[in-house]
Amino acid sequence: ALYGTLMSPFGVLDELDARIQLRLLGACEMPGSLFDVGEWPSLVAGEGVAHGELFEVLSQTVFERLDPFEDYDPADHASSAYIRQSVRLLRPDVDAWVYVASTPLPGARLIPSGSWLQWLAGRGE
């Protein structure tokens with residue numbers, strides 16, 4: 001499940017040559033709070049609802065492209081900015097891989113709606 005700049009409207013999946021390894025299934029909701037950390041959002045596990053897109057992984061090799069983009073090293077969680085973990089989504093009721101912030105987010109602003117797209121529209125971007 002993706003909730004930020006990797007979502008369909010932004011084209012980053014194409015830039016990473018990753019879209020061919022994924023199939024968009026539709027909108028989803030995941031537990032946690034979404035924060036604006038500048039040019040992208042960050043998901044913090046816990047209370048709240050974050051909105052994103054659910055993708056079917058057609059090839060596990062897609063993580064060779066997504067993990068570095070998300071600054072995630074499966075062999076070194078301590079130095080990773082995000083951790084890819086299996087999360088039970090709120091809607092639909094399935095487990096999905098989600099990149100969750102692994103460290104505190106100094107200066108980050110809570111996105112009350114839980115939607116990066118709505119947040120950007122409200123900022124006039």
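A charge is said to sit over a ring if NZ of Lys or CZ of Arg is within 6 Å of the ring centre and within 35 degrees of the ring normal. The model is a predicted one, in which local features need pLDDT of at least 70 and side-chain atom pairs count only at pLDDT 80 or more, while totals for chains, interfaces and linings use all residues. Residues are numbered from 1 along each chain as its sequence is written, and side-chain values use heavy atoms, with hydrogens and water left out.

**First selection: Arg84, Phe63 and Trp97**

Select Arg84 and display its side chain. Its charged end sits over the ring of Phe63, 4.0 Å from the centre. The charged end of Arg84 also sits over the ring of Trp97, at 4.9 Å from that centre.

Now turn to the rings themselves. Rings of Phe, Tyr and Trp (its six-membered ring) pair if their centres lie within 6.5 Å; planes under 30 degrees apart count as stacked, over 60 as edge-to-face and the rest as tilted. By this rule there are 2 aromatic pairs. One of them joins Phe63 and Trp97 edge-to-face, with 6.1 Å centre to centre and 70° between the planes. Phe63 belongs to helix 2 (residues 63-69) and Trp97 to strand 4, 34 residues apart, and the pair thus links distant parts of the chain. Helices (H or I, at least four residues) and strands (E, at least two) are DSSP runs, numbered from the N terminus.

Are these two residues buried or exposed? Buried means under 20% relative accessible area, exposed over 50%, and partly exposed in between (1.4 Å probe, protein chains only). Phe63 is buried at 8%, whereas Trp97 is partly exposed at 38%.

Tyr72 and Tyr99 form an edge-to-face pair, 6.4 Å centre to centre with 70° between the planes. Tyr72 lies in the loop between helix 2 and strand 3 and Tyr99 in strand 4, so the pair ties together parts 27 residues apart in sequence. Both tyrosines, Tyr72 and Tyr99, are buried.

Select residues 82-88 and 95-101. These are strand 3 and strand 4, which pair in the antiparallel sense over 7 bridges; pairing requires that DSSP finds at least two bridges between two strands. The two strands form a hairpin with 6 residues between them. Tyr82 stands opposite Ala101 in strand 4.

Select residues 116-123, helix 3, whose buried residues are Trp116, Trp119 and Leu120. Seen down the helix axis, these buried residues fall within an arc of 95° (taken from the directions from the axis to the C-beta atoms), so they line one face of helix 3. On the other side, Gln118, Ala121 and Gly122 are exposed.
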